[in-house]
Every structure is written in structure tokens, then in C-alpha cells.
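Below are my notes as numbered points, to be read alongside the model.

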Amino acid sequence: MISAWENLHFATLELVRSTPIKQRLVCAYRRHLAAIPADQLPVEVRESFAQMMRSLCGVVPLRGEDAVAASVRKMSNQEADDCAALIVEIFGITCRTLLNSARQSAAVVQLHSAESHSTERETSDFEVPELIASN
């Protein structure tokens with residue numbers, strides 16, 4: 001199963017292709033964004049994500065198209081740009097949140113391991129032999 005972070009990463013990569021922005025948005029949604037459960041996202045981006053998903057599938061489709069194609073077709077180029085920027089922003093916040101979580105976990109592990117290794121050492125353990133330079 002692909003994580004929310006990976007799906008956002010792949011969606012962001014879709015957005016940097018050379019095809020028109022509306023086509024990139026449809027591909028990003030169909031291939032990656034639709035698969036993201038909102039509860040796998042950091043709390044601080046869930047509302048933005050829900051808003052973005054509503055904008056990507058909120059229009060009633062015409063015969064032969066789906067809601068995503070209809071919604072993106074109805075967007076102005078500026079709205080499509082804004083939606084793409086929001087996807088990148090959500091990805092960035094998700095990355096920072098995961099990084100901060102990893103740092104906190106590492107700090108807890110470091111503190112734990114430091115406490116468990118409180119053995120006394122002799123000063124002779126730290127002696128360094130003298131180096132004699134010969135000319």
C-alpha cells in the first residue's frame with residue numbers, strides 16, 4: 001500500500017510535466033490523489049486537502065466525462081494554478097510534519113540509549129600514546 005506521503009509526492013511529480021496544467025491536475029487526481037485517505041494526512045492539512053478534493057470533483061459531469069474532468073474543465077487557468085500550488089503546499093507541510101516526527105522519535109531513542117549506558121570508565125581508557133616525531 002502506498003502511503004499518503006508517497007501519493008502526494010507522485011502527484012507533485014505529475015504537476016511538473018510539460019503537458020497543460022488542467023491535464024496535469026486530472027492525471028494527478030486520478031493516479032494519486034484519489035487514493036489518499038484524509039486520516040493519513042497531518043491534521044493541519046486535512047481541511048485544505050478536503051477543499052482541494054471538492055474543487056477537483058465538485059462539478060456535475062456531462063455525458064461521457066467524470067466529475068474530475070468536468071471540474072477541471074470549468075476551472076480558469078488561475079484556479080488550476082492555485083489548485084496545483086495547494087497540492088505542492090500540502091505535500092510540503094506533510095514532509096515537514098513527518099520529518100519533525102522522525103526527529104522527535106530519534107531524540108527519544110537517543111535519550112533512552114544514553115541512560116542505559118551509564119557505565120563508569122577508567123581514565124586509562126582515554127589515554128592516547130605520545131607520538132614522537134623523528135627528523
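1. **Ground rules.** This is a predicted model, in which local features need pLDDT of at least 70 and side-chain atom pairs count only at pLDDT 80 or more, while totals for chains, interfaces and linings use all residues. Residues are numbered from 1 along each chain as its sequence is written, and side-chain values use heavy atoms, with hydrogens and water left out.

2. **Overall layout.** The chain has five helices and zero strands, giving the pattern α-α-α-α-α along the sequence. Helices (H or I, at least four residues) and strands (E, at least two) are DSSP runs, numbered from the N terminus. Of the 135 residues, 27% count as buried; buried means under 20% relative accessible area, exposed over 50%, and partly exposed in between, with a 1.4 Å probe and protein chains only. Among contacts between residues at least 6 apart in sequence, 60% join residues at least 24 apart, a contact being heavy atoms within 4.5 Å.

3. In the largest nonpolar core, which has 27 residues, Leu25, Leu33, Met52 and Leu56 touch the most other members. H1, H2, helix H3 (43–57), helix H4 (67–74) and helix H5 (77–116) each supply at least two residues of this core, and the largest share, seven residues, comes from H5. Such a core is a set of buried Ala, Val, Leu, Ile, Met, Phe, Trp, Tyr and Cys residues joined through side-chain atoms within 4.5 Å.

4. **Cysteines.** The count of disulfides (pairs of cysteine sulfur atoms within 2.5 Å) comes to zero. For Cys57, the nearest cysteine sulfur is that of Cys83, 9.7 Å away. Cys57 is partly exposed at 30% relative accessible area, whereas Cys83 is buried at 5%.

5. Glu14 is in helix H1, and its relative accessible area of 6% makes it buried. Beyond its neighbours within four places in sequence, Glu14 is in contact with Arg24, Cys27, Ala28, Arg31 and His32. Glu14 also forms a salt bridge with Arg31, the closest N and O atoms being 3.0 Å apart. Glu14 lies in helix H1 and Arg31 in helix H2, so the pair ties together parts that are 17 residues apart in sequence. Arg31 itself is exposed, at 51%.

6. **Other salt bridges.** The whole structure holds five salt bridges, each a side-chain nitrogen of Lys or Arg within 4 Å of a carboxyl oxygen of Asp or Glu. Arg30 and Asp66 meet in one of them (3.0 Å, N to O). Because Arg30 lies in helix H2 and Asp66 in the loop between H3 and H4, this pair ties together parts that are 36 residues apart in sequence. Arg73 and Glu65 meet in another (2.7 Å, N to O). Salt bridges that share partners join Glu14, Arg17 and Arg31 into one network.

7. **A nonpolar surface patch.** Ile2, Phe10, Leu13 and Val16 form a nonpolar patch on the surface, with about 350 Å² of accessible area together. Val16 is placed in the loop between helix H1 (4–15) and helix H2 (21–31), and is exposed at 64%. Patches are made of residues with over 30% relative accessible area and no salt bridge, like charges being joined within 9 Å and nonpolar side chains (Val, Leu, Ile, Met, Phe, Trp, Tyr) within 5 Å. Accessible areas come from the Shrake-Rupley method with a 1.4 Å probe, and for residues only the protein chains shown count as cover.
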